[in-house]
Amino acid sequence: MSTAVPPPLKLGPQTVDDVAALLGVSVTYLKVVLKKAPRYTVFHIKKRKGGTRDIAAPTPPLRQLQAKLLPFFEGLYGQRSPVFGFAKGKSIKLNAARHAKSRFVLNLDLQDFFPSIHFGRVRGLLRGKPYFFGAEASRIISDICCRSGALPQGAPTSPILSNMVCGKMDSELKALAKKYHCEYTRYADDITFSTGMKNFPAQLAVVPSETNNLLQLGDELVTIIHGNGFQVNHTKVRLRTQHQRQEVTGLTVNKFPNVQRRMVRQVRAMLHAWGKFGLAMSEAEFQTKYDKKHRKKIPGFPGVLKAKIEFIGHIRGKSDPLYWRLLRRYASLDKDFELKEPPDFIEFDIAEIKKAVWVLVDRSSYGQSTAFMLRGFGLVTCDHGIEDEKELYASRSPDPLKTDYPVKVLARDQKLDLALLGPPLPKLKELSNDVGDVNIY
């Protein structure tokens with residue numbers, strides 16, 4: 001007795017009418033847009049390490065169709081745990097954080113990532129499991145999303161489609177990483193493995209002494225990548241130990257995700273040039289250098305500088321002292337920028353905090369304690385360090401003259417072990433008030 005095999009589920013659009021309905025346009029309009037030429041405007045960007053990258057920007061009518069497909073694709077794809085590129089709620093910082101404090105970090109790039117995802121792969125993806133688009137719909141949607149037979153870098157649908165195509169590879173590489181006690185993530189064409197194991201698994205990569213320490217990828221890893229239609233860019237393969245500078249998607253991860261030093265130096269140089277030579281000259285120099293990259297649109301010098309500072313703040317945290325020093329310097333140069341420092345902001349910089357520290361001396365007992373200048377209150381110290389309120393003097397340890405300022409107790413609370421001291425005192429560095437509802441009166 002034979003059992004009939006049920007036909008595959010028809011989950012996606014099947015015909016040109018289904019595609020038109022999905023996009024909210026007529027079939028006639030859809031065909032006109034796909035036959036219109038040229039459909040893309042191509043410009044070239046010089047890579048930092050040589051060569052050029054082609055960016056193909058779709059014309060407005062085609063881009064509108066691609067933009068309508070984008071949320072549809074995102075709903076089909078969902079979220080995958082090892083994928084951090086082109087995914088909502090993900091970022092290079094979160095990607096790098098997965099590999100922080102590792103003993104080994106392996107980085108590799110996929111060669112010609114977008115061009116290697118050709119028309120046939122996109123069409124096959126949509127026709128196959130689990131999407132089951134019809135043959136006609138798969139062909140038309142692939143035509144909407146491809147240029148010259150491959151995914152173009154510049155189309156809004158290319159990133160999500162690349163993630164969909166890489167779905168099988170991501171599952172296999174994640175399983176491979178788990179098998180050898182490693183962490184795996186992918187950000188577009190950047191693949192990273194890391195581990196805290198004593199030895200990095202040779203099935204992923206090995207540095208054989210007989211090949212003059214030339215790094216070689218493991219057979220299991222290469223087999224998975226090749227089996228999914230990709231090639232490794234061997235010029236960008238590196239394995240770093242915890243004693244070397246480890247990087248993931250441009251961030252250092254030895255201790256925590258951090259920006260590279262050259263970016264901080266670049267921002268400081270830009271701030272210095274603006275302050276020394278003025279905005280006009282700095283802008284002209286910047287435009288000249290930026291124009292050499294053959295960008296379609298050249299942004300303004302202040303905007304780029306501000307964006308770089310904000311990126312540093314995003315990676316290091318908005319309470320980071322370096323971020324605030326750069327931002328304050330920027331605010332002193334850009335008169336149109338209003339610096340809004342939170343009223344309860346505490347800058348966790350030991351050097352700055354020390355500026356708010358005072359030495360409190362009770363001359364009646366020669367006792368010594370520490371006090372802090374707290375914004376909105378005054379000098380705060382521990383109550384148990386005060387014996388004679390009439391013999392209290394405060395000085396600052398950085399002061400070479402050790403100038404003593406007589407102070408008096410304004411309020412004290414033995415239960416909280418707090419005391420508030422008052423003037424005369426010079427107006428110096430203060431810490432922000434974060435004592436909340438504590439009432440020392």
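Modeller: Let's start with a term: a salt bridge here is a side-chain nitrogen of Lys or Arg within 4 Å of a carboxyl oxygen of Asp or Glu. This is a predicted model, where local features need pLDDT of at least 70, side-chain atom pairs count only at pLDDT 80 or more, and totals for chains, interfaces and linings use all residues. Residues are numbered from 1 along each chain as its sequence is written, and side-chain values use heavy atoms, with hydrogens and water left out.

Biologist: Happy with that! Which residue forms a salt bridge with D383?

Modeller: D383 sits in the loop between β13 (378–381) and β14 (392–395), and its partner is in strand β16 (residues 408–413), 29 residues apart; helices (H or I, at least four residues) and strands (E, at least two) are DSSP runs, numbered from the N terminus. The closest N and O atoms are 2.5 Å apart, and the partner is R412.

Biologist: And is D383 buried or exposed?

Modeller: Buried means under 20% relative accessible area, exposed over 50%, and partly exposed in between (1.4 Å probe, protein chains only). R412 has 31% relative accessibility and counts as partly exposed. D383 has 5%, so D383 counts as buried.
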